[in-house]
Amino acid sequence: MAVHWHYRLNGGSSMARTKNEVLTIRTTAEVKALLKLAAERERRSAASMIEVLVLDYARSHGLAIPESNPGRTGKGK
C-alpha cells in the first residue's frame with residue numbers, strides 16, 4: 001500500500017507524493033526524546049514530524065528541489 005502526503009513549498013500547489021524512500025538516522029537519546037515529545041504534541045508520528053520540520057526549514061530558507069530532479073539523489077543519500 002502506497003502512502004501519500006501533501007506539501008506546499010515556496011508557494012507551490014499542494015501535490016501528492018508517494019513515499020518510497022527510507023531514511024535511517026543515528027542520534028542522541030536527547031534528540032530522540034525531543035522528537036517524540038514534539039510528535040506527541042502535534043499528534044503525529046515521528047516520521048511525520050520529521051517531514052514537517054524538514055519542509056518548514058526548506059520553506060523558511062528558500063530551498064526547493066529542481067523540477068527536473070524530483071526523484072532519488074543517489075544511493076546512500
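**Salt bridges and helices in a predicted model**

User: Which side chains does Lys-19 or Glu-51 meet in a salt bridge?

Analyst: Each other's: the side chains of Lys-19 and Glu-51 form a salt bridge, at 3.4 Å from N to O. Keep in mind that this is a predicted model.

User: OK, and what does that pair tie together?

Analyst: Lys-19 sits in the loop between strand E2 (15-18) and helix H1 (29-42), while Glu-51 belongs to helix H2 (residues 46-60), so the bridge links parts that are 32 residues apart in sequence.

User: How many salt bridges turn up in the whole structure?

Analyst: Two, from a search of the whole structure. Besides Lys-19 with Glu-51, there is Asp-56 with Arg-59, at 2.8 Å from N to O.

User: Where do Asp-56 and Arg-59 sit relative to each other?

Analyst: Both are in helix H2, three residues apart, so about one helical turn separates them. Asp-56 is partly exposed at 38% relative accessible area, and Arg-59 is partly exposed at 39%.

User: Switching to H1. What is its reach, and what would be expected?

Analyst: H1 has 14 residues and spans 20 Å from its first C-alpha to its last, close to the 20 Å expected at 1.5 Å a residue.

User: And what follows H1?

Analyst: Arg-43 does, with a positive phi near 55 degrees. That is a positive value in a residue other than glycine. Arg-43 lies in the loop between H1 and H2.

User: Is Arg-43 buried or exposed?

Analyst: Exposed, with a relative accessible area of 80%.

User: Zooming out, what pattern does the chain follow?

Analyst: Along the sequence it reads β-β-α-α, with two helices and two strands in the chain.

User: How much of the chain is buried?

Analyst: Buried residues account for 10% of the 77 residues. As for surface, the chain exposes about 7000 Å², and carbon and sulfur atoms supply 56% of that.

User: Last one: what share of the contacts join residues at least 24 apart?

Analyst: That's 34%, taken among contacts in the chain between residues at least 6 apart in sequence.

How values were computed: Residues numbered from 1 in each chain as written. Predicted model: local features only at pLDDT ≥ 70, side-chain atom pairs only at ≥ 80, totals over all residues. Heavy atoms only, no water. Salt bridge = Lys/Arg side-chain N within 4 Å of Asp/Glu carboxyl O. Helix = DSSP H or I, 4+ residues; strand = E, 2+ residues; numbered from the N terminus. Buried < 20%, exposed > 50% of the residue type's maximum accessible area, 1.4 Å probe, protein only. Expected span 1.5 Å × (residues − 1). Contact = heavy atoms within 4.5 Å. Areas by Shrake-Rupley, 256 points an atom, 1.4 Å probe, with all protein chains shown as cover.
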